Amino acid sequence: MAPSVESLKNLDLTLLAQRLGKLCITYHVEVSAAESCTGGGIASAITAVPGSSAYFSTGYVTYSNAAKTRLLGVPKETLESQGAVSEAVVNAMVAGACRESGADLAVAVSGVAGPDGGSDEKPVGTVWLAWGNVNAQQAECLHFPGDRQAVREQAVRQGIARLIVALDKR
C-alpha cells in the first residue's frame, strides 16, 4: 500500500530523503526542486543522502520574482496578477524546473514564512506546494503553524513527501 502524505509528514527528514532516493533509483527518475520560502531546504535534504547525484542534479532557489521569471520562465503577468504565493506560480515553477533541468519530476514551494509579509488573504504560514512535470502539475495550499523556521521545515517535509507519494503511485 502506497503511503499517504499524512503518514510521511512526521518522519525524520533524513529518512524521507532516503526513501525518496530509493524510489528515484527504482524508477529511474531524476527530480528537481524549485524553492522560494524554503531557501534550498528541499535540495539540501535530498543532497544530504550519499549517492543523490544519481537522481538529483539541479535545484533552484528563486527567492525573488525576477529570479522566478529569469530561471524558471514564470510569466511576469502571472506573478503580477496572482502573486508569488499562488497555485499558478508554483505550477509554473514545477514546469520550469523540469524544462530547464531535464528532470522527470519536480517540486516547487512558495510561501509566507514570516514573521512579516503576511496579509489577510495570505497570512504567515501560507505555503503553496506543487509537484509534477512539464505537462502536468498538482498543487495544494497549506497553512503551517509556528515561527519562520517551523514553517520552512514543515514545507520541506511536505515537499519531499509529495515527491514520494507521486513516485509510489507509479
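Predicted model: local features only at pLDDT ≥ 70, side-chain atom pairs only at ≥ 80, totals over all residues.

Me: Good. Which hand does the crossing of helix 4 and helix 6 have?
Reply: Left-handed, as helix 4 passes helix 6.

Me: And what angle do those two pack at?
Reply: About 40° between helix 4 (residues 65-72) and helix 6 (residues 87-101). Their axes are 9 Å apart. That angle makes helix 4 oblique to helix 6.

Me: Which residues make the contact?
Reply: From helix 4, K68, L71 and L72. From helix 6, V89, A92, M93, G96, A97, R99 and E100.

Me: How do the residues of that contact divide?
Reply: For helix 4 with helix 6, 6 are nonpolar, 1 is polar and 3 are charged.

Me: Next pair. How do helix 2 and helix 7 cross?
Reply: At roughly 30°. The axes of helix 2 (residues 13-27) and helix 7 (residues 148-168) come within 10 Å. Angles under 35 degrees count as roughly parallel, and helix 2 is therefore roughly parallel to helix 7.

Me: Left-handed or right-handed?
Reply: The crossing of helix 2 and helix 7 is left-handed.

Me: Which residues meet there?
Reply: Helix 2 brings L13, L16, A17, R19, L20, L23, C24 and Y27. Helix 7 brings V156, R157, I160, L163, I164, L167 and D168. The contact of helix 2 with helix 7 divides into 12 nonpolar, no polar and 3 charged residues.

Me: On to the sheet. What's the strand order?
Reply: It reads 2-1-3-4-5. The sheet is open, has 5 strands and shows mixed pairing.

Me: Which strands stand at the edges?
Reply: Strand 2 (56-61) and strand 5 (137-143). Each has a single partner strand, so one side of each is left without a neighbour in the sheet.

Me: How much are neighbouring strands turned against each other?
Reply: By 15° on average in this sheet, direction ignored.

Me: What about strand 3, how many of its residues are buried?
Reply: 7 of 7, for residues 105-111. Strand 3 is mostly covered.

Me: Which residues sit on which side of it?
Reply: L105, V107, V109 and G111 lie on one side of strand 3, with A106, A108 and S110 on the other. Both faces are covered, and these residues are all buried.

Me: Strand 1 against strand 3: parallel or antiparallel?
Reply: Parallel. Strand 1 (residues 31-35) is joined to strand 3 by 5 bridges. Among the partners, V31 goes with L105, and S32 goes with A106.

Me: How many bridges between strand 3 and strand 4?
Reply: 6, and strand 3 pairs with strand 4 (residues 126-132) in the antiparallel sense.

Me: Some single residues now. Where is N91, and what does it touch?
Reply: N91 is in helix 6. Not counting residues up to four places away in sequence, N91 touches A130, Q137, Q138 and A139.

Me: Is N91 buried or exposed?
Reply: Buried, because its relative accessibility is 15%, and the limit is under 20%.

Me: And A88, buried or partly exposed?
Reply: A88 is partly exposed, at 31% relative accessibility. A88 is also in helix 6. Leaving aside neighbours within four places in sequence, A88 is in contact with T78 and Q82.

Me: What separates A88 from P75?
Reply: 9.8 Å between their C-alpha atoms. A88 and P75 are 13 residues apart along the chain.

Me: Last one. Where is V5 found?
Reply: In helix 1 (residues 5-8). V5 is buried, with a relative accessible area of 18%. Not counting residues up to four places away in sequence, V5 touches Q158, A161, R162 and V165.

Me: And how far is V5 from H143?
Reply: Their C-alpha atoms are separated by 15 Å. Along the chain, V5 and H143 are 138 residues apart.

Methods:
Residues numbered from 1 in each chain as written. Heavy atoms only, no water. Axes fitted to C-alpha atoms, helices over the stretch in contact; angles between N-to-C directions. Helix = DSSP H or I, 4+ residues; strand = E, 2+ residues; numbered from the N terminus. Parallel < 35°, antiparallel > 145°, perpendicular 65-115°, else oblique. Left-handed = near helix turned anticlockwise from the far one by under 90°. Contact = heavy atoms within 4.5 Å. Nonpolar A, V, L, I, M, F, W, Y, C, P; charged D, E, K, R; others polar. Buried < 20%, exposed > 50% of the residue type's maximum accessible area, 1.4 Å probe, protein only. Pairing = 2+ DSSP bridges.
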